[in-house]
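Okay, thanks for making time, everyone.

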Amino acid sequence: MSRTFEPGLESYRRAAVIGGGVIGVSWAGLFLARGIDVVINDPRPDIEDLVRAGLAEITPALAALGLPTENLTAGLTFEADLATAVAEVDIVQENGPERLELKRQIWETVETAAPAHALLATSTSSIPATAIAETMRAPERLIVGHPFNPPHLVPLVEIVPGARTAPATVEQATAFYTALGKKPQVLRKEVPGFVANRLQAALFRECVHLVAEGVVTERQLDDVVTSSIGMRWAVAGPFRTFHLGGGPDGLPHFIDHLGRGMETGLWPLLGSPTFDDATVALLTEQAHEAFGDASVEQLAAERDRAQIALMRALGETPDTERARA
């Protein structure tokens, strides 16, 4: 695969991906497809086999997006020593376990060994940058770059600065992810779980409640979502949807006409389920009934094909001709 760089990526020739799990593999695949060499740092002895297998699985989706995938792994290397892995990189994307002390140890090493110009980003899904950077000598360098899974496919990246993150770091991260083909959103304040995961958790809580109460099965609930709010929110988010639902007077009319009834009549009735043994058993049984014997890999491939078709319809796929140039 020829090394070509999108406008804005010329300064990013080499990336360190810390952690070769699902998120790390996804980031690595996207970086490689954008012409950025990748070094993987992960202590597992079988990490090379795991990463190459993971990249093989996502390559069809990258190709379907119009990204070049021939000889995708030509720029891929592995380095078990963290300091060595980040010594000559332009971007560090950390995807380690969600353990604060471990992340602090990682970033204490990274900030010492990585070049001064390197963008330092963590994919953490729940830990604020302020907490991670507390033991760093230069906390202004660290920022959260939280993707929505899978990063190689879903456009969103939540950029979340810590209390001491420099404005220049925010600007650098925004420019980098935009050039990468993502749709970054800079959060205005830190909040546990950030935004997308909080929304997902809130909806899933009610999903679990409705299934546990016997209102619907898992299969029915998935069909309800994909046939209604999932389809609607793909083209207009919750606020735009209710703004349109308010008629000529928009969102204020919706809140006055229906929103207050929602607040007093429906919100108090929403469930607060727990993952007790009975609930877990029920969810597991229904998952088997809904998904059958299909492997996770098969289901993921089906999801990716549908996701790409939707992104094309919304005009959110990369410029094919430019990506293949």
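Predicted model: local features only at pLDDT ≥ 70, side-chain atom pairs only at ≥ 80, totals over all residues.

Residues are numbered from 1 along each chain as its sequence is written, and side-chain values use heavy atoms, with hydrogens and water left out.

pLDDT is the predictor's confidence in each residue, on a scale from 0 to 100. The protein averages 92, and 96% of the residues score at least 70. The stretch to be careful with is 320–325, where the pLDDT is below 50. Beyond near neighbours in sequence, that stretch still has twelve contacts in the model, a contact being heavy atoms within 4.5 Å.

Now the sheet. When I say helix or strand, I mean DSSP runs numbered from the N terminus: H or I with at least four residues for helices, E with at least two for strands. Two strands pair if DSSP finds at least two bridges between them. As a reminder, strands of a sheet pair through backbone hydrogen bonds, either parallel or antiparallel.

Here we have an open sheet of eight strands, in the order E3-E2-E1-E4-E5-E6-E7-E8, with mixed pairing. At the edges sit strand E3 (76–78) and E8, each pairing on one side only. On average, neighbouring strands are turned by 25° against each other, direction ignored. For angles like these, axes are lines fitted to C-alpha atoms, for helices over the stretch in contact, and the angles run from 0 to 180 degrees between N-to-C directions.

Two helices to point out. Helix H1 (residues 22–33) packs on the sheet and touches several strands, among them E1, E2 and E3, with its direction at about 165° to that of E2. Helix H2 (residues 47–64) packs on the sheet too, touching E2 and E3, and makes about 155° with the direction of E3.

Let's walk along towards E8. Strands E5 (residues 119–122) and E6 (residues 142–147) run parallel, joined by three bridges; Thr122 has Val144 as its bridge partner in E6. On to the next strand: E6 and E7 run antiparallel with five bridges, and Val144 partners Val160 in E7. Then E7 and E8 are parallel again, with four bridges, and Ile159 stands opposite Val186 in E8. E7, helix H6 (residues 167–179) and E8 make a right-handed β-α-β unit. Right-handed means that, with the strands pointing away from the viewer, the path from the first strand over the helix to the second runs clockwise.

Is E7 mostly covered or mostly open? Mostly covered: five of its six residues are buried. Buried means under 20% relative accessible area, exposed over 50%, and partly exposed in between, using a 1.4 Å probe and protein chains only.

Over in E8, look at Pro184. Pro184 counts as buried because its relative accessibility is 17%. Leaving aside neighbours within four places in sequence, Pro184 contacts Val157, Ile159, Thr174, Tyr177 and Thr178.

Next, the rings. Rings of Phe, Tyr and Trp (its six-membered ring) pair if their centres lie within 6.5 Å; planes under 30 degrees apart count as stacked, over 60 as edge-to-face, and the rest as tilted. The whole structure has seven such pairs. One of them is Phe242 with Phe254, which is stacked, at 4.3 Å centre to centre and 15° between the planes. Phe242 is in helix H10 (residues 238–245) and Phe254 in helix H11 (residues 250–266). Phe254 is buried at 8%, whereas Phe242 is partly exposed at 30%. There's also a cluster of Tyr12, Trp27, Phe31, Phe176 and Tyr177, linked by ring pairs.

A cis peptide bond joins Asn149 and Pro150, with omega about 0°, and Pro150 lies in the loop between E6 and E7.
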